[in-house]
Amino acid sequence: MEKEEFLVLLDRYLSGETNLEENKLLLNYYESFQTSKDWNESLGTKEEIGSKMLARLQNALETEEVKVLPIKPFYSNTVFKIGIAASVAILISISVLFNKNDVEKQSIPIVVNNAIMIGKDKATLTLEDGSIIALEKGKDYTAGNLKSNGEKLVYNSTNNIRAGIANNFLTIPRGGQFFVQLSDSTKVWLNSESQLKYPVAFVDGETRQVELLYGEAYFEVSPSTKHKGSRFKVKTQNQNVEVIGTEFNIKAYKDETAIYTTLVEGKVAISNAIAKQILAPNQQSKISLNNNSIDIYSVDVYSEISWRKGLFVFKGMTLKEISKVLSRWYDVEIIFADPVLGNVKFNGVLNKNQNFEDILTTIKNINFINAYEIKNKKIIIR
């Protein structure tokens, strides 16, 4: 294979256009280089190629023009290996923690009454008097200073309602997502299985406070300079987040053992009963619910907030961890017949509008699972 042919094929692979045989060809060509010097002299450094590809994906994520990369990577019969570049591997490789030759092959999936639907915009709004309003596409709702077209909920600013008099609850079920604009123009995107409590209006000069009771939410906060210096606070279980005009993501699911806050831009203060930490952009805090410790990490922001752009970006996650994300969006229960299967790790980018069975079929076709069984909304991975 010539250099130009390899680069064309590599570009097609990163666009999700290659087949299994072409993937094998790419891997064989890569492995034909005995040393890094051989690679560098022929193609340029792996880091240079990887950095270009990573930058391209990050730019696509920012502009929401990303071409989804199917989970269709290079693989071998032993432990999965990929080496185009570390940064490319982060995005598109899959690595297996055990030898698949030791597992008996089963090739035929079983599907019984497949009732799995792709998630969509839907929520329930609970008013102060206990009234519950279903919000979904095709249903308009207007009351007081709020209005919904079924795909988003917008509160208009008003000086006639004092903060604290009325609180609303927006609940997103499994298989749903929703957007709400609060009365101060703060924008909130809520992920599946989440609930937000907030006042129907805020008072300029007084702290604007909302509560993420559970789940995941992305906040684009209206700056305090537009509200007479009013700070913005988000309460969660075991955590308070105080901000001054910023963008950040909070993940606080009920079935998780920690709360994760990721700062995109601006500045936030993370605090609980025993400690307080300041986050800088591209950092994430992790508060353990077991001991309340606060740890700070540098993270890839694009992966953490990709759900808001209609994507799932998985980096070094196990199938067990990924199954939690997918089960919320598709409202399913995922069971591993063999617990070892839950330890399979891979990276990849998935479109949230993909059919769930297509995802299972792709994973099965690259020999990471032997078979799957769908019974209504229960999936058994074998």
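What pLDDT does the chain average, and what share of the residues score at least 70? This is a predicted model; the chain averages a pLDDT of 78, and 71% of the residues score at least 70. Over residues 60–106 the pLDDT is below 50. Beyond near neighbours in sequence, that stretch has 132 contacts in the model.

**The chain as a whole**

The secondary structure consists of 8 helices and 25 strands. Other totals for the chain are listed here.

| Property | Value |
|---|---|
| Buried residues, of 382 residues in the chain | 47% |
| Contacts joining residues at least 24 apart, among those between residues at least 6 apart in sequence | 57% |

**Nonpolar cores**

The largest nonpolar core has 41 residues. Leu125, Leu153, Leu170, Phe219 and Phe248 have the most contacts inside this core. Strand β12, residues 208–220, gives the most to the core, with 4 residues. Another core, of 24 residues, lies apart from the largest one. Leu341, Val344, Ile363 and Ile374 are among the residues of this other core.

**Helix α8**

Ile363 also belongs to helix α8, which spans residues 356–365. Buried in this helix are Phe356, Ile359, Leu360, Ile363 and Lys364. These residues lie on the same side of α8, because they cover an arc of only 130 degrees around the axis. In general, an α-helix has 3.6 residues a turn, so residues three or four places apart point the same way. The buried residues of α8 pack against helix α7 (319–330) and against the strands β22 (333–336), β23 (345–351), β24 (372–375) and β25 (378–381).

**Trp329**

Helix α7 is also the place of Trp329. Is Trp329 buried or exposed? Trp329 counts as buried because its relative accessibility is 2%, and buried means under 20%. Leaving aside neighbours within four places in sequence, the contacts of Trp329 include Ile118, Gly119 and Lys120, Gly175, Gly176 and Gln177, and also Ser192, Phe312 and Lys352. With Lys352 there is a polar approach: a polar atom of the Trp329 side chain lies 2.7 Å from the backbone oxygen of Lys352. Trp329 and Asn191 are 138 residues apart along the chain, and their C-alpha atoms are separated by 8.3 Å.

Conventions
Residues are numbered from 1 along each chain as its sequence is written. This is a predicted model: local features need pLDDT of at least 70, side-chain atom pairs count only at pLDDT 80 or more; totals for chains, interfaces and linings use all residues. Side-chain values use heavy atoms; hydrogens and water are left out. Buried means under 20% relative accessible area, exposed over 50%, partly exposed in between (1.4 Å probe, protein chains only). Helices (H or I, at least four residues) and strands (E, at least two) are DSSP runs, numbered from the N terminus. The arc is that of the directions from the helix axis to the C-beta atoms. Contact means heavy atoms within 4.5 Å. pLDDT is the predictor's confidence in each residue, from 0 to 100. A nonpolar core is a set of buried Ala, Val, Leu, Ile, Met, Phe, Trp, Tyr and Cys residues joined through side-chain atoms within 4.5 Å. A polar contact is a pair of N or O atoms within 3.5 Å; within protein, one must be able to donate a hydrogen and the other to accept it, and residues adjacent in sequence count only if both atoms are side-chain atoms.
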